[in-house]
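Visitor: Hi, could you walk me through this model? I'd like to start with one of the chains.
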Amino acid sequence: MTQRFDEGGRRRLKWMVAAGALASPVVIVAALIAVGFMEAHAKAEGGRATGVVFVMAALVGYLALLGWGAWRLFGPRRSSDGRVRRASAIQVLIGTGIASLIGGLLAGLFLGMTSDVDSGGELIHEPAFLPLVLGMMLFSGVATVVYYRRLDEAALEAHKFAWLWGAQSGLFVATCLALIAFITSEDTGTGMDGVFFTVSAAFIGYGIAWGVWWFRKR
Amino acid sequence: VVVPEALIRMKNRLKVLRAERDWSQADLADRLDVSRQTVNALETGKYDPSLPLAFKIARLFDSRIEDIFQDQGASS
């Protein structure tokens, strides 16, 4: 799906790029505060502290990668016939996947090289893990919104249908299986907390979205 | 027999109008800012367009909406 850019579209694009550029320092500061806090915590606990310089270098590299990805998502493209086009929804999806893969690989490489843990599972406790994951979640969240806004109405209907019937059915089956496991198992903690949390979060999210929809239609 | 509104299928002349102009589905999709898959779903009657998209289609073919789309209940 392509779309021509009118004057309003170009103005919105500039605002989006500007907002992204302004948001980056906020993310950097938040990440550094988080890393500093966790470093101090690790020292107080007598644990091994990851070098702050390495963490900062990784963050700068990681944010540069995010910035590049955001520019690829938001940046204008000009086709052979001279018309300015935006990336299609599928291009956004593929670009996000590739950027996430590269970002995840770099983050894993960095964590593996700067820590002396014995297994990959322990990397989750490394100070740099939280800001890296938060950054990736932020990037994925923004990319999801961009992807959603570039879908046409039939594709949106397909997603709504899939979420209503597919996702709800999956949630129902998972709840039934967890209930069966809970009833038949002697271990009372058999996944019920996780299922209860997930179902509750889904219903709360549903209620909020339902309320917002009607509030905007008043 | 009262047919539920959701089950009423719309017929349309999109394919004919497109063929008259010698446009491919991709050409029409580009002019409507939708995907080619959406144009195909419209032409085969598997998907009914929203009112804004229906007006856009009507403007593109310089016709009225009811000249392009007809619900089967009205025609029978």
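Guide: Happy to! A word on terms before we begin: helices (at least four residues) and strands (at least two) are DSSP runs, numbered from the N terminus. Keep in mind that this is a predicted model.

Visitor: Good to know. In what order do the elements of chain B run?
Guide: Starting at the N terminus, chain B goes β-α-α-α-α-α-β-α. That makes 6 helices and 2 strands.

Visitor: And how many of its residues count as buried?
Guide: Chain B has 76 residues, and 36% of them count as buried. Its accessible surface is about 4,900 Å², with 52% belonging to carbon and sulfur atoms.

Visitor: What about the largest nonpolar core, which residues touch the most other members?
Guide: That core has 20 residues, and the ones touching the most other members are B:L14, B:L28, B:I57, B:F61, B:I68 and B:F69. At least two residues come from each of α1 (14-20), α2, α3, α4 (51-60) and α5 (65-68) of chain B.

Visitor: Which helix gives the most to this core?
Guide: α4(B) does, with 4 residues.

Visitor: Can we zoom in on B:I68? What is it in contact with, leaving aside neighbours within four places in sequence?
Guide: B:I68 is in contact with B:K11, B:N12, B:R13, B:L14, B:L17, B:I57, B:A58, B:F61 and B:S63.

Visitor: New topic: at what angle do the axes of α2(B) and α3(B) cross?
Guide: Helix α2 (residues 25-32) and helix α3 (residues 36-43) of chain B have axes that come within 8 Å and cross at roughly 105°. Angles of 65 to 115 degrees count as roughly perpendicular, so that is how α2(B) and α3(B) lie to each other.

Visitor: Which residues meet there?
Guide: From α2(B) you have B:Q25, B:A26, B:L28 and B:A29, and they meet B:R36, B:V39, B:N40 and B:E43 of α3(B). By type, the residues of this contact divide into 4 nonpolar, 2 polar and 2 charged.

Visitor: Staying with α3(B), which of its residues are buried?
Guide: Those are B:T38, B:V39, B:A41, B:L42 and B:E43.

Visitor: And what do the buried residues of α3(B) pack against?
Guide: Both chains take part: α5 (153-184) of chain A, together with β1 (10-12), α1, α2 and α4 of chain B.

Definitions and conventions
Residues numbered from 1 in each chain as written. Chains lettered and ligands numbered in written order. Predicted model: local features only at pLDDT ≥ 70, side-chain atom pairs only at ≥ 80, totals over all residues. Heavy atoms only, no water. Axes fitted to C-alpha atoms, helices over the stretch in contact; angles between N-to-C directions. Parallel < 35°, antiparallel > 145°, perpendicular 65-115°, else oblique. Contact = heavy atoms within 4.5 Å. Nonpolar A, V, L, I, M, F, W, Y, C, P; charged D, E, K, R; others polar. Buried < 20%, exposed > 50% of the residue type's maximum accessible area, 1.4 Å probe, protein only. Areas by Shrake-Rupley, 256 points an atom, 1.4 Å probe, with all protein chains shown as cover. Core = buried A, V, L, I, M, F, W, Y, C linked by side-chain atoms within 4.5 Å.
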